[in-house]
Amino acid sequence: MVKNKIKLAKFYQKLIQRENISYKKALFIYEALHKEAIALGAINSKNILDGMEVDIKVAKAINKEI
């Protein structure tokens, strides 16, 4: 649970400023991570959406807190 929302927001703002990357570079990183996940067997076309409902519920709960 986040206790200091202002401090967390400042942290994220600084992180975004420090790690400012282009869309092209971000896409390259995403594609590399996706390929690695497939190679490791963590995801495949059959299980890509497994657990999505749980992820959505968790995201809603977290966003409600913040």
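For anyone new to the score, pLDDT is the predictor's confidence in each residue, from 0 to 100. Over the chain, the average pLDDT is 85, and 95% of the residues score at least 70.

A quick word on ground rules, everyone. This is a predicted model, in which local features need pLDDT of at least 70 and side-chain atom pairs count only at pLDDT 80 or more, while totals for chains, interfaces and linings use all residues. Residues are numbered from 1 along each chain as its sequence is written, and side-chain values use heavy atoms, with hydrogens and water left out.

Now, the overall layout. The chain has three helices and zero strands, and from the N terminus on the order is α-α-α. The radius of gyration is 16 Å, well over the 11 Å that the globule rule gives for 66 residues, so the chain is more spread out than a compact globule. That radius is taken over C-alpha atoms, and the rule is 2.2 Å times the number of residues to the power 0.38. Helices here are DSSP runs of H or I with at least four residues, strands are runs of E with at least two, and both are numbered from the N terminus. Along the principal axes, the C-alpha atoms fill a box of roughly 40 × 30 × 15 Å.

How much of the chain is buried? Of the 66 residues, 2% count as buried. Buried means under 20% relative accessible area, exposed means over 50%, and partly exposed is in between, with a 1.4 Å probe and protein chains only. The chain exposes about 6,600 Å², and carbon and sulfur atoms supply 62% of that area.

Let's walk along the chain. Val-2 sits in the segment before H1 and is partly exposed, at 32% relative accessible area.

Next comes H1, residues 5–18: its 14 residues reach 20 Å from first C-alpha to last, close to the 20 Å expected at 1.5 Å a residue. The expected span is 1.5 Å times one less than the number of residues. The number of buried residues in H1 is zero, so this helix lies largely in the open. Lys-10 is part of H1 and counts as exposed, at 55% relative accessibility. The C-alpha atoms of Lys-10 and Lys-35 are 25 residues apart along the chain and separated by 33 Å.

On to H2, which has 18 residues and reaches 26 Å, close to the 26 Å expected. After H2 comes Gly-41, with a positive phi near 80°.

Where is Lys-46 found? Lys-46 is in the loop between H2 and H3, and this residue is exposed, with a relative accessible area of 77%. Between the C-alpha atoms of Lys-46 and Ile-16, 30 residues apart along the chain, the separation is 34 Å.

Definitions and conventions: Areas by Shrake-Rupley, 256 points an atom, 1.4 Å probe, with all protein chains shown as cover.
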